[in-house]
Amino acid sequence: MDIGGAFVKAAYWDGEGGFGPLPLLPTTVYRDLDGRLLTGSEAVRLARTAPERAEAMPARSLAEQDEMLLGGDATHPVELVAALLTRVLRDSWPGFDRTRPDALTMVVPSDLGGTDRAVLGRAIAAAGLPEPVWVPAPVAIAAGWAARREAHAGTLVAVCDAGATGLRFALASVGHAEYQPGDNIACGGADLDEALFGLVEARTRTARPEAWKRLLDCSGPEDLRARSQLREDVTGVREALSATTTVPLTVPGHREELLVRRNEFEEAAAQPLARAGTALADLMASGACPSAVLLAGGAARTPKLAELLSRSAGGLLPEVLPDPVNAAVLGAARTHKALVATGGGEAPYAFPEDEDLFR
């Protein structure tokens, strides 16, 4: 499993050749009027008109907050994360005739400290899951790539993990636990969405300023729903621009569709994309000579991102992994047997130093 910024990703391995991804689960958790915690599409839909009852990224708050208010009720982030993990089990494991897995590999960001892992461990236990093997995302991504390519042990790869909340860089050596973390850059899906939203705002505010002001300023259920839907549509447009050059967008209060072009989006997102290229160049300047540049995560298919990373890697063309959203969990599941064989619980991977590790 991997609790990302937008989705919980999961993959399975059944020990008999069965292997594959499980359905993505949105990370939004909603507390209803009866006090129940809802997840999945129900939570996303209800959060559109009552955002004060929802938390979109509970894992990010695990070690930062003891509790948060959802609809006026105090809730610990551990409860929210446990609700997400329980939903994954409920939706997935009955198909395998199991109530829970025999073992769990938890994919975590390369910069996740020991305190965060300890609190996440509490949520895992609350969901009734076994004690996890902890695997940093770049190690899992590199392992999955190596298994498909039959790469030799010691092969050095640069991993670019473009998730919802940022772009993390790392150097990983195939077959080894150690990895070298690079920078975490504000060039994830949310950052690119914000750049595209700014473009949409600039064009629509000029055409009908009153309609745009009403959309942003009003707080009634209809306006909240329309604003939330527009945010979701902007994400859909950004993802579609990875495959085509022009995508129509319907903006509430505007009679005609807005045509969004890829070159306009790339110009609007030039600053975060440039930061990504610079960060990879800095990582390469450390003297590393990777054999491949691996691009994973929800924003991995952004064409301009691959182009800029190629320039920073001295012309080495980044390889967008198959199913980039699930690349880390698929890599962890594909290599599950080897990972478990190294020891359960606290896996011997080289996490960043943390003085309060599992205190």
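Tutor: Axes are lines fitted to C-alpha atoms, for helices over the stretch in contact, and angles run from 0 to 180 degrees between N-to-C directions. Keep that in mind; this model is predicted.

Student: At what angle do helix H4 and helix H11 pack?

Tutor: Helix H4 (residues 137-149) and helix H11 (residues 327-334) pack at about 65°. Their axes are 7 Å apart. The crossing of H4 and H11 is left-handed.

Student: Which residues in H4 and H11 meet?

Tutor: From H4 come Ala140, Ile141, Ala143, Gly144, Ala147 and Arg148. They meet Ala327, Ala328, Gly331, Ala332 and Arg334 in H11.

Student: Now the sheets. What holds strands together in a sheet?

Tutor: Strands pair through backbone hydrogen bonds, either parallel or antiparallel. Here, five strands form an open sheet in the order S15-S14-S13-S18-S19, with mixed pairing.

Student: Which strands stand at the edges?

Tutor: Strand S15 (179-185) and S19 do. Each has a single partner strand, so one side of each has no neighbour in the sheet. H4 packs on this sheet, touching strand S13 (156-162), S14, S15, strand S18 (292-296) and S19. The direction of H4 makes about 120° with that of S13.

Student: How many bridges join strand S14 to S15?

Tutor: Five, and S14 (residues 167-173) runs antiparallel to S15. Look at Arg168: its bridge partner in S15 is Asn184. Helix H10 (residues 303-312) also lies across S13, S14 and S18, at about 155° to S18.

Student: What is the strand order in the open sheet of three strands?

Tutor: The order is S7-S6-S8, and the pairing is antiparallel. Strand S7 (37-38) and strand S8 (54-55) are the edge strands. Strand S6 (residues 29-31) and S7 pair over two bridges. Tyr30 stands opposite Leu38 in S7. Helix H1 (residues 40-47) lies across S6, S7 and S8, at about 65° to S6.

Student: What span should helix H9 have?

Tutor: At 1.5 Å a residue, the 15 residues of H9 (residues 270-284) should span 21 Å. The end C-alpha atoms are 21 Å apart, which agrees.

Student: Which residues of H9 are buried?

Tutor: Pro272, Leu273, Ala276, Gly277, Ala279, Leu280, Leu283 and Met284. They cover an arc of only 160° around the axis, so they lie on the same side of H9.

Definitions and conventions: Residues are numbered from 1 along each chain as its sequence is written. This is a predicted model: local features need pLDDT of at least 70, side-chain atom pairs count only at pLDDT 80 or more; totals for chains, interfaces and linings use all residues. Side-chain values use heavy atoms; hydrogens and water are left out. Two strands pair if DSSP finds at least two bridges between them. Helices (H or I, at least four residues) and strands (E, at least two) are DSSP runs, numbered from the N terminus. Contact means heavy atoms within 4.5 Å. The expected span of a helix is 1.5 Å times one less than its number of residues. Buried means under 20% relative accessible area, exposed over 50%, partly exposed in between (1.4 Å probe, protein chains only). The arc is that of the directions from the helix axis to the C-beta atoms. A crossing is left-handed if the near helix is turned anticlockwise from the far one by less than a right angle, and right-handed if clockwise.
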